[in-house]
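I opened the model to look up a few things. My notes follow.

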Amino acid sequence: MKKIFLLFFFLNSFAHSQTSTLHASENIRKFADHLFSEKDFLRSVSEYEKLLRIEHNDTLEFKIALAYQSIENNELALEKFSGIKYESVFYNESEKEYYKTLFQSGKYEELQNNLSKKDEKGFQRLLYLSYLFTSSELPDQKNFSEPFPLTERENILNFYKQKKEPPYKSSLFSGLMSAVLPGSGKIYLGEIGDGITAFLAASLFTFLSYDNFSHDHNFRGWLFAGLGFFFYTGNIYGSVTAAHIYNAKVDYEYNANLREYLQNKNYFLPPNDFIK
Amino acid sequence: MILLNKYLLLTSLLAANLSFSQEYLQQQFEFAKNLYEKENYFDAITEYKRLKFFDTNNTYGSFTDEYIAQSYKQGGKFNEAIHYFTLAEINAKNSEDIYRIKTEIIRINILRRTADNALNLLDELEKDGRWIDKKDEINHWRGWVYIFNDEWDKAALEFSKISADHELKILCENTHKKKYSVTFAKVASVILPGTGQFYTGNYLSGLLSLGWCALWGYIAVDAFIENRIFDGLAVTNFLWFRFYQGNLQNAEKFAVEKNIQIANESLFYLQHSYSGLKP
């Protein structure tokens, strides 16, 4: 009887001193994992960091880096991923996540400098994909698509072609067209309504000016000539600007579509066990 | 007898164990509450979430969710706040608690200006027989929905249902009276260009509108008189009409801008000087 009592007393006091408090290490770990799985990443980081003050743990370091990556605090994520030591079982994964974070944060040149000497396919894919966002010279088409799975090559090559020959419109040509025939530059850019309006406005004021001069209404003649000139030059300037806007739109859509596609494919990297 | 003693001992040890863990939960609750009271909302949420995670018997269920929701609300995270208030409502134990939590959800909907949601929830509360004695409070919150929806006349009507000389009723009526009629500003400018701008106190803009419309109107009429019909039509359509339409748009824009200014002054008063119940 005494033995049972002593055993319970010992176990009870041990359990309470070690784990019953909600702030004991084991409970902090359980709670932090819960926050992490609930995607409350910032809070999970502060809980994991409490544990790291007690003892070194590479799993926690890796999860902290992943948490920062998930909330797009890329600077801290890079710092934490690069802090994982070579001896750790997470070294290889953290290396991949490090480069993925570099990619996500748009540090393509740094990524290219680091990956140019690595042969692994995953890294090669990231390297090639980074070329799609920079002005660096693209590898030839056959080599470019080679590291990617067969099912994705068509999509990748579409982006490759868009990068190599973007469907830009010439601002100089657009301006020249509008100088020769008002509105035609806008029509060349697909803004048909604007083009017709510009043509009508310029023609109308030219006619009004001519009509007034021919009836000896010189003041009105000059007034409409001024307005006509204003519309004419405005149309040339507008055509050049519209071409720049058109090209910026092409770039924006290309970048947005490529970024969305790569995020959906997890940058062609294997999925992480901690975040699915 | 020995067997009975053993059972008694085991039971008492288990009970001691349970009360011990309850004590820890109570301490955690007090700790989180302390953080909340010190307005350290980020940490308060963490500690309430910790309590919720370890409170496997759901002893603090509704309270925890409510405090988390309040902390999120204070931090301006309205969607998260509504999520936790909804959880609190599910765990609420009596109709008073349910009413309070429902009201909190309505208040957040007012703050994030989802007026339709707030009005639907208020209608549900009004129809529910459990809260027949809460009519005044329901009207109070309906008034606030209209204030945030910039419908000061409707807000005044709701507050007048509480009392004829309700402070908020008077404020809403005054705000409504001070506001400019957008329709009047436009119609005045239709009749005589620039009048709408004069009505809202933008005299220079009014004079310019009048001047431009008079100039192009004169040139157009002159062209028609001299039988230059095409000139007349072109000037009317491309110049006079352009300035006339601009005058109408200006009149509307100034009236809308002035109304925003007036509404903001009232909202500023409500935020800083009104001491009654606010969302």
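Which domains does the domain assignment give for chain A? I found domain 1 (18-103), domain 2 (106-165) and domain 3 (171-259). The bounds come from an automatic or database domain assignment. I then checked spacing: the centres of domain 1 and domain 3 of chain A, taken over C-alpha atoms, are 58 Å apart.

Ground rules next. This is a predicted model, where local features need pLDDT of at least 70, side-chain atom pairs count only at pLDDT 80 or more, and totals for chains, interfaces and linings use all residues. Residues are numbered from 1 along each chain as its sequence is written, while chains are lettered from A and ligands numbered from 1 in the order in which they are written.

I turned to helix α6 of chain A, residues 91-104. Helices are DSSP runs (H or I, at least four residues), numbered from the N terminus. α6(A) has 14 residues and reaches 20 Å from its first C-alpha to its last, close to the 20 Å expected at 1.5 Å a residue. That expected span is 1.5 Å times one less than the number of residues. Its buried residues include Tyr98(A), Tyr99(A), Leu102(A) and Phe103(A). Buried means 20 or more other C-beta atoms within 10 Å of the residue's own, with C-beta atoms placed from the backbone. After α6(A) comes Gly106(A), with a positive phi near 80°.

Last, I looked across chains. The axes of α2(A) (residues 25-37) and α2(B) (residues 41-54) come within 10 Å and cross at roughly 105°. Therefore α2(A) is roughly perpendicular to α2(B) (65 to 115 degrees). Axes are lines fitted to C-alpha atoms, for helices over the stretch in contact, with angles from 0 to 180 degrees between N-to-C directions.

Key:
Helices (H or I, at least four residues) and strands (E, at least two) are DSSP runs, numbered from the N terminus. A residue is buried if 20 or more other C-beta atoms lie within 10 Å of its own, exposed if 12 or fewer, and partly exposed in between; C-beta atoms are placed from the backbone. Angles under 35 degrees count as roughly parallel, over 145 as roughly antiparallel, 65 to 115 as roughly perpendicular and the rest as oblique.
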